[in-house]
Amino acid sequence: MAVVLGTRPEAIRMAPVLRAMENSPLFSPVLISTGQHRAMLKQMLRRLRLTVPHDLAVMREHQQPFAPTARLTSGLGEVIREERPDLVMMQGDTSSTLCGTLAAFNEQFPVAHVEAGLRSGVLGAAFPEELNRRLVTSMTEWHFAPTPRAAAALTAESVPASRVMVTGSTVIDNLLWARHIGEGQSAFRSDRRGVLVTLRQQENQRATMRSIAVALVRLAERRDIEVLVPVHKSPTVRDALLPVLRNHPRITLTEPLDYFDFISTLAACELVLTDSGEVQAEARSLDKPILVLRNTTEHPEAVQAGAAQLVGTDPLSVHTVTTSLLNDSELYGRMADAPSPFGEGHASDRILDRLARDFGRTPAPASALDVAAT
């Protein structure tokens, strides 16, 4: 089976599936990297202990966002023809996911989609992921949905229920593995109440991100907190954040954290401000209240469960809601104790069990949790 990924978040989400495949006699995974996030992805693959037999390295300096599409689709098609896998597995909603699906579809190999069915309901230039999700769905055979809501979105779009399976999120599988490994250190510098902030979504760049940065500076005037921001490698993100946030005594800026360091930092914080769906799932599993710095989200389950609030990007709203949460111990407790909608860490098992059954293979594949220490 061929597994395509190209970004750091995809590596995190697919790592437990790949480890479970490698520890099962029923599967022979072939990992194909597009190199969409080349430097960050290379480090992540090494830390997640994954080997890459195919690295397309199609990205170029200063290219337009959709320029790699033809190179990705062509290069992935060549590798898929060479490997002739039983199926091609993709995750999420990136350009690598869309191009891998197109390549497999054109070469007439079936597609399995992990984290299928996420929908924000908003299409547009600032939301390319939504279009990617919908296009991938139309070419997919196996739809592995992380939540019942995601599964319902697929069947509402006329995907046969027999091709949809609720698995939970593989993010949780990998989080539990990382916590079991026990590596990594928190990046917080003080014993103040830690506020962890992650920003990277395209819709939050330029002026919007600068506005959020202004809210963080105002928030950091409180003397009981430390705001920690791992700054994404994107020049656009850095140009928006660094001039506003640097040199404040209670704002810690770091390079993007190693995965294990990030998980340790997340475990050490008091609350999370983020625009990342992945971080929402991880924070919920570690009982951290989540403030979502977006106006819409494809992960509303945490909001519905009471574990997260959709704050938006207005600086006054960001400051007001965060301050209220820091000051209100009862609200904080309710959010921290809310149930997790993202599963209990067995998504990889369910995915491989379904594929094993559909391909007529027994016994059941090895558990991703059973091999956590390998």
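Biologist: What makes the largest nonpolar core a core, and which residues have the most contacts inside it?

Modeller: A nonpolar core is a set of buried Ala, Val, Leu, Ile, Met, Phe, Trp, Tyr and Cys residues joined through side-chain atoms within 4.5 Å. Here the largest one has 56 residues, and Leu48, Met89 and Leu355 have the most contacts inside it. Helix α1 (residues 8-22) gives the most to this core, with eight residues. There's also a second, separate core of 31 residues that includes Ala215, Ile225, Ala240 and Met335.

This is a predicted model, in which local features need pLDDT of at least 70 and side-chain atom pairs count only at pLDDT 80 or more, while totals for chains, interfaces and linings use all residues. Residues are numbered from 1 along each chain as its sequence is written, and side-chain values use heavy atoms, leaving out hydrogens and water.

Biologist: Which residues is Leu48 in contact with, leaving aside its neighbours within four places in sequence?

Modeller: With contact meaning heavy atoms within 4.5 Å, Leu48 touches Ala11, Ile12, Ala15, Arg19, Asn174, Trp177 and Tyr259, once those sequence neighbours are set aside.

Biologist: Why is Arg49 called partly exposed?

Modeller: Buried means under 20% relative accessible area, exposed means over 50%, and partly exposed is in between (1.4 Å probe, protein chains only). Arg49 comes out at 41%, so it counts as partly exposed. Arg49 sits in the loop between α2 (38-47) and β3, and has a positive phi of about 65° although it is not a glycine. Most residues other than glycine have a negative phi.

Biologist: And what makes Asp287 partly exposed?

Modeller: Its relative accessibility is 43%, so Asp287 counts as partly exposed. Asp287 is in the loop between α11 (277-285) and β12 (290-292), with a positive phi of about 65° despite not being a glycine.

Biologist: How do you know that the buried residues of α8 line one face of the helix?

Modeller: Those residues are Met209, Ile212, Ala213, Ala215, Leu216 and Leu219. Looking down the axis of α8, they fall within an arc of 160° (taken from the directions from the helix axis to the C-beta atoms), so they line one face.

Biologist: What makes the span of α8 close to the expected one?

Modeller: The expected span is 1.5 Å times one less than the number of residues. Helix α8 (residues 207-219) has 13 residues and reaches 19 Å from first C-alpha to last, close to the 18 Å expected.

Biologist: Why are β3 and β7 called edge strands?

Modeller: Two strands pair if DSSP finds at least two bridges between them. Seven strands form an open, parallel sheet in the order β3-β2-β1-β4-β5-β6-β7, and β3 (54-55) and β7 (164-166) each pair on one side only.

Conventions:
Helices (H or I, at least four residues) and strands (E, at least two) are DSSP runs, numbered from the N terminus.
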